Amino acid sequence: MSTSNITSTYPVVFLLMGIPGLEHLHIWISIPFCSAYTLALLGNCTLLFIIQADAALHEPMYLFLAMLAAIDLILSSTTLPKMLAIFWFRDQEINFHACLVQMFFLHSFSIMESAVLLAMAFDRYVAICKPLHYTTVVTGPLITKISMAAVTRAVALMTPLPFLLRRFHYCRGLVIAHCYCEHMAVVRLACGDTRFNNIYGIAVAVFIVVLDLLFVILSYIFILQAVLQLASQEARYKAFGTCVSHIGAILAFYTPVVISSVMHRVARQAAPHVHILLANFYLLFPPMVNPIIYGVKTKQIRERVLGLFLRKDGTLQVESRGAEQSPGLSPSLKNVEKSLSNLFGADSIDNWVENGWDKEVKISQKDMDMGRHMMAKTFFCGQNLGRAELDASDSRSLTRLIKGVVQGYRHLEAHLRDDLSPSSLAWLVAASGPPWLFMETSVSRHLGFSVGLLITWKNAVSSVMLGPPYNHTIETPATFFLVGIPGLQSSHLWLAILLSAMYSIALLGNTLIVTVILMDSTLQEPMYCFLCVLAAVDIVMASSVVPKMVSIFSSGDSSISFNACFTQMYFVHAATAVETGLLLAMAFDRYIAICKPLHYKRILTPQVMLGISVTITIRAVIFMTPLSLMVSHLPFCGSNVVLHSYCEHIAVAKVACADPTSSTLYSLIGSSIIVGSDVAFIAASYNLILRAVVGLSSKNAQLKALSTCSSHVVVMALYYLPGMASIYVAWLGKDTVPLHTQVLLADLYLVIPPTLNPIIYGLRTKQIRKRIGSLLMHCLFDHSKLGS
């Protein structure tokens, strides 16, 4: 008798197809997959680091969140690296045992994630329905037991699967029609009776989803009952607000499961790649969005994430300081002193303190009047604090006042959690008076001014750190004042000349490009149409900022109305978002022209180009509209001095007296997604272009093909490199790089591309060069004929 009927024979390897029917798009599909995996890694690792490092977050809710982040990391790392290897390198082979291990981890950790979401629902139920018993119910031992139960359940349910699959003989081929070793996809290759595997897989899935989802729904029914019984509407919103993040995570996890199940039952005739894409979405979406959901909606997480990225050393907590300080300046005061000195060339704060520190100093009536005048100008909203003390006429009371203010500030500083934030610093510096008062006044002589500055300083810090004063009114300023480039006021006139020259070149060059392309029908091809739109966007981008910057630098006209400021902000950032989209469209144009030359005109039709342009514009509008609304609705109750040469949204948000965290986080995430996805697609385009060029037979053909891309490559470098340098300095080098360098980089980022783009395309593109030369010669010839 043959032993083949009782002895299992399994293959050494399987072959993973990827996404059947979409093999030619694997390289493009890999870009969103890779982006999602990168976001999942970054977001979940950040959550784990923050929760582990901050003892204040070692509470049940955050411990469950840490478990969820760890599971998401393992879940995505189980499949994504192999999927990317398939898409990029066509590495389709996977060892049989490695396939079973991948399957075990994949399904086990999916079950664990469902259990953790149920545990988080239980945590919210106890916190809202039994708040007085929360600390006695949800204890450390209980959390450990819940975690062990989740792991045990998953392992117990998934352990039989590998052993069941090992006993089969695989006679239906070695190719798995999937991106990873999904249980049912492997079972389809087996010979013999697979009914038990089918039934077991379905039973486990139904048991887990139905049971966990049922208990989650019951928890929220009890939560809703408890919330509706609360007396005030504010208390209801606050209580239910603690559940929003968890509800988002539940929807992110269960919605793809339900959609996939419905598709399998209702749309069985759908193409296989539809089902596989849905299965991949189920694995990619929750690990990517969970940290974003909790980062945006959970205040404690959001504050610590921003603290992690905005501070140079990356620490989350600040050492507690004692109330008693030495007469020397603390780090916070040193930072303020350094910033004041960099911005306005102010005298040393040590000099201010030493001139009145336990010394008998005679103060003239002129000094007293100046101090009183400065107090009236610099106090917020007409506060009276400190003016009575300034009426004192003897130097002893002034000396005591100075000492009391400094000691009071240091006592206040001892109880602050963090050093002064950039927004706080901008507020208190601007509130202390216009910059020319620092330069024209000898602060060491006029102690009355010193007192006014120190008291204003103390109140500014108190307002920022401990909340606004009792009589502080919040209103929208009629105007903002743009400082220009702080610290380089002496060079403003030279900068105005340079910017005027660059703006003239940008206007002339881009206008010529647009005119030539619109007038010459032979240039109305996709490549030149995109170039025409790029030139128009460059004109809008430069015109949004340069005229006002030149006005500030040349005549000192630094005021800008509130509405004009936000209009400028909208157009500047929308234009930059449109420009990066156009660079991607031009990369796609080069990809089609080189890799699919026979289909070029059929693919890039006028309708397609119009659709691409409209899509790019809509994307920019969708991104910028919420950002402008968030920043414009911030309360501006203190200073209206913006430490920048144009209304850059972060610089404006720093002036607000409310927390600009939401707008800053939105800007960071939105710009990262837009720029990151565009750069990834551009890189993929040039990867395919290089492959096609290398495949050409002659060297001349290779050089000719690459030369059509040279202008685009240079333009991309001019756009992205200053942008990356500006972002790097703004986020990572803000404590070491002077403010004027940061502002100057941001200005050049908006001026250099519009200036050089027409020059690059004019010199490098033969058709453009010829048409511009002909147009200029024609204009000059006609002018000379008219003159004669």
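I took buried to mean under 20% relative accessible area, exposed to mean over 50%, and partly exposed to be in between. With that settled, I opened this predicted model and went to the cysteines.

**Entry 1: Cys 99 and Cys 181**

I looked up Cys 99 and found a relative accessible area of 0%, so it is buried. Its partner in a disulfide is Cys 181, and I noted 2.0 Å between the two sulfur atoms. The angle about the S-S bond is -125°, making this link left-handed. I then checked where the two ends sit: Cys 99 belongs to helix α3, and Cys 181 to the loop between β3 and α7 (183-187), so the pair ties together parts 82 residues apart in sequence. Cys 181 also has 0% relative accessibility, so I wrote it down as buried.

**Entry 2**

I found three strands in an open sheet, ordered β2-β1-β3, with mixed pairing. At the edges are β2 (93-95) and β3 (175-176), each pairing on one side only. Strand β1 (residues 13-16) runs parallel to β3, and two bridges join them. I picked out Leu 15, whose bridge partner in β3 is Val 175. Helix α3 (residues 96-129) lies across β1, β2 and β3, and I noted an angle of about 85° to β2.

**Entry 3: Cys 171 and Cys 191**

My next pair was Cys 171 and Cys 191, a disulfide with its sulfur atoms 1.2 Å apart. I logged this link as left-handed too, with -120° about the S-S bond. Cys 171 is in the loop between α6 (160-166) and β3, while Cys 191 is in the loop between α7 and α8 (195-228), so parts 20 residues apart in sequence are tied together. How exposed is Cys 171? I found it partly exposed, with a relative accessible area of 47%. Cys 191, at 16%, counts as buried because the cut-off is under 20%.

**Entry 4: Cys 565 and Cys 647**

I counted three disulfides in total, and Cys 565 with Cys 647 is one of them, the sulfur atoms being 2.0 Å apart. The link is left-handed, with -120° about the S-S bond. Cys 565 lies in helix α23 and Cys 647 in the loop between β6 (641-642) and α26 (649-655), so this pair ties together parts 82 residues apart in sequence. Both ends came out buried: Cys 565 has a relative accessible area of 0%, and Cys 647 has 1%.

**Entry 5: a cysteine without a disulfide**

I also checked Cys 243, which is in no disulfide; the nearest cysteine sulfur is that of Cys 129, 8.8 Å away. Cys 243 is buried, at 0% relative accessibility.

**Entry 6: the nonpolar cores**

The largest nonpolar core holds 94 residues, and Phe 480, Phe 636 and Val 652 have the most contacts inside it. Helix α23 (residues 562-595) gives the largest share of this core, 18 residues. Which residues does Phe 480 touch? Leaving aside residues up to four places away in sequence, I found contacts including Phe 562, Cys 565, Phe 566, Phe 636 and Val 652.

Technical notes
Residues numbered from 1 in each chain as written. Predicted model: local features only at pLDDT ≥ 70, side-chain atom pairs only at ≥ 80, totals over all residues. Heavy atoms only, no water. Pairing = 2+ DSSP bridges. Helix = DSSP H or I, 4+ residues; strand = E, 2+ residues; numbered from the N terminus. Contact = heavy atoms within 4.5 Å. Axes fitted to C-alpha atoms, helices over the stretch in contact; angles between N-to-C directions. Core = buried A, V, L, I, M, F, W, Y, C linked by side-chain atoms within 4.5 Å. Buried < 20%, exposed > 50% of the residue type's maximum accessible area, 1.4 Å probe, protein only. Disulfide = S-S within 2.5 Å.
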